[in-house]
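Work through the exercises below with the model open. Each task is followed by its solution.

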Amino acid sequence: MSEFILALVTISGLFPIAKAVSVLVDKDHKTCGPAEFLCHDHVTCISLNWLCDGEPDCPDDSDESLDQCTRHLEFTCPVNHFDCIGARRCIHMSKLCNGINDCADGLDEGYHCREFSSSCDRAQCQYRCAVTRNGTTCYCNNGFNIAPDGKGCEDLDECSIYGMCSQTCMNSNGSYMCGCVEGYLMQSDNRTCKAKIGIRMKKG
């Protein structure tokens, strides 16, 4: 008699988003649903919507690896982040011109850091100013987006971003909070919900 354990239950159609869903079929073989990607650890399943989105969701970052993402032409960095062109990597604006090569090709550092640094003094950014090879740009603190004037900051509605929370989301000024429906528990990432009780099945 072989024993099957389903570690996490997802109900198709009821909760269309499932962050870092793990489905254990048996001890040696793991499978994912048709709309999920199996991480290279062969344990974790994530939604295909999070494949190559610039944010690692697999424990081994395999969902953002180049061999997985070469076929994905569109690549967008999160708010207040800088795109290391060609590397499919995003770094926070605060890491630009900090004396450390955070982009593999050093795109975030160079002569332009000194050339444009004085321009930041005149930028009148509400929060902070970053220097790129194309000049200066204002950016905001986490939870805020740059305003239409390019200088001020306004609240970023994280709940409007698909997949931010696996179930419910409540936005607030500069922040947000994920929640779970009855019968589910919030995980350590504060975004993912898992069923309180696993279903144990036996197959004779």
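**Exercise 1.** How many disulfides does the count come to?

Solution. This is a predicted model: local features need pLDDT of at least 70, side-chain atom pairs count only at pLDDT 80 or more, and totals for chains, interfaces and linings use all residues. Residues are numbered from 1 along each chain as its sequence is written, and side-chain values use heavy atoms, with hydrogens and water left out. Apply the cut-off: a disulfide is a pair of cysteine sulfur atoms within 2.5 Å. The count is ten disulfides.

**Exercise 2.** Characterise the link of C39 and C58.

Solution. Start with distance: S to S is 1.9 Å. Next, the torsion about the S-S bond is -75°, a left-handed link. Then place the ends: C39 sits in the loop between β3 (36-38) and β4 (44-47), and C58 in the loop between β4 and α1 (66-69), 19 residues apart. Strands (E, at least two residues) and helices (H or I, at least four) are DSSP runs, numbered from the N terminus. Last, burial. Buried means under 20% relative accessible area, exposed over 50%, partly exposed in between (1.4 Å probe, protein chains only). C39 is buried at 1%. C58 is buried at 3%.

**Exercise 3.** Is C129 buried or partly exposed?

Solution. C129 pairs with C120, S to S 2.1 Å. C120 has 18% relative accessibility and counts as buried. C129 has 22%, so C129 counts as partly exposed.

**Exercise 4.** Which backbone nitrogen lies 3.2 Å from a polar atom of the E109 side chain?

Solution. Locate E109 in the loop between β6 (89-92) and α2 (112-115). The backbone nitrogen is that of C97.

Key: Polar contact = N/O pair within 3.5 Å; in protein donor to acceptor, adjacent residues only side chain to side chain.
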